Amino acid sequence: MQQTRCLLKNQPMSAKKVRLAANIVRGKSIDCAYRMLKFSVNKSAAIVLKALESATANAENNYGLDIDALYISEIYVNEGVTAKRFRARAKGRGDRILKRSCHVTVIVSEK
C-alpha cells in the first residue's frame, strides 16, 4: 500500500479552526472530500483543500497512483508559530494579540 503525504506549513489561521474542516473529510475518498471542501463555507476549508490537491498531485505524478482509488488515510493539524503583537489600550495599557498559524499534514493511500 503506497502512501503519499503533503505538509503545508505556516498557514495563517489557528489550528482549532482548521481542525473543523479536517475532521469533516477524515477517512473519505478523494472525490468525496474534494466536493465537501469545495462547497464548504468555512475559510479553513480552502487551506485543507490546498493540501489535499497537493497530496493527490504528488500521488499521481511521483508514484503513478490511480486518483480514483485514493482516500485520506491520515489528516492532522498542528500548531505553528504564534506572532505576538500589542494593541494600545486606555490609560497607558496594552493588550496582547496572538496571530496564530498552523501546519496541515495530509496522507493519502490507495484502497
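The protein has 3 helices and 5 strands, where helices (H or I, at least four residues) and strands (E, at least two) are DSSP runs numbered from the N terminus. Read from the N terminus, these elements follow the order β-α-α-α-β-β-β-β. This is a predicted model, in which local features need pLDDT of at least 70 and side-chain atom pairs count only at pLDDT 80 or more, while totals for chains, interfaces and linings use all residues. Residues are numbered from 1 along each chain as its sequence is written, and side-chain values use heavy atoms, with hydrogens and water left out.

The overall dimensions come next. The C-alpha trace spans about 65 × 25 × 15 Å along its principal axes. The radius of gyration is 17 Å, whereas a compact globule of 111 residues would have one near 13 Å; the radius is taken over C-alpha atoms, and the globule rule is 2.2 Å times the number of residues to the power 0.38. Of the 111 residues, 35% count as buried; buried means under 20% relative accessible area, exposed means over 50%, and partly exposed lies in between (1.4 Å probe, protein chains only). Among contacts (heavy atoms within 4.5 Å) with a separation of 6 or more, 73% join residues 24 or more positions apart.

The largest nonpolar core has 28 residues, and those with the most contacts inside it are V18, L37, L52, I72, V104, V106 and V108. Such a core is a set of buried Ala, Val, Leu, Ile, Met, Phe, Trp, Tyr and Cys residues joined through side-chain atoms within 4.5 Å. Two or more residues each are given to this core by β1, α1, α2, α3, β2 and β5. Helix α3 provides the largest share, 8 residues.

Helix α3 covers residues 44-63, 20 residues in total, and reaches 28 Å from its first C-alpha to its last, close to the 28 Å expected at 1.5 Å a residue; the expected span is 1.5 Å times one less than the number of residues. Its buried residues are S44, A45, I47, V48, L49, A51, L52, A55, T56 and A59. They pack against β1 (3-11), α1 (15-25), α2, β2 (70-79) and β5 (102-110). Just after α3, G64 takes a positive phi of about 65°.

Two residues show how the elements meet. T4 is found in strand β1 and is buried, with a relative accessible area of 3%. Neighbours within four places in sequence aside, T4 is in contact with A55, N58, A59, Y63, L65, V106, I107 and V108. With that exclusion, V106 is in contact with T4, R5, C6, A51, L52, A55, I72, E74 and I75.

Charged pairs remain. A search of the whole structure finds 2 salt bridges, each a side-chain nitrogen of Lys or Arg within 4 Å of a carboxyl oxygen of Asp or Glu. One joins R35 to D31, with the closest N and O atoms 3.1 Å apart. R35 and D31 lie 4 residues apart in helix α2 (residues 30-38), so they are separated by about one helical turn. R35 is partly exposed at 45% relative accessible area. R89 forms a salt bridge with D95, the closest N and O atoms being 3.1 Å apart. R89 is partly exposed at 46%, and D95 is partly exposed at 38%.
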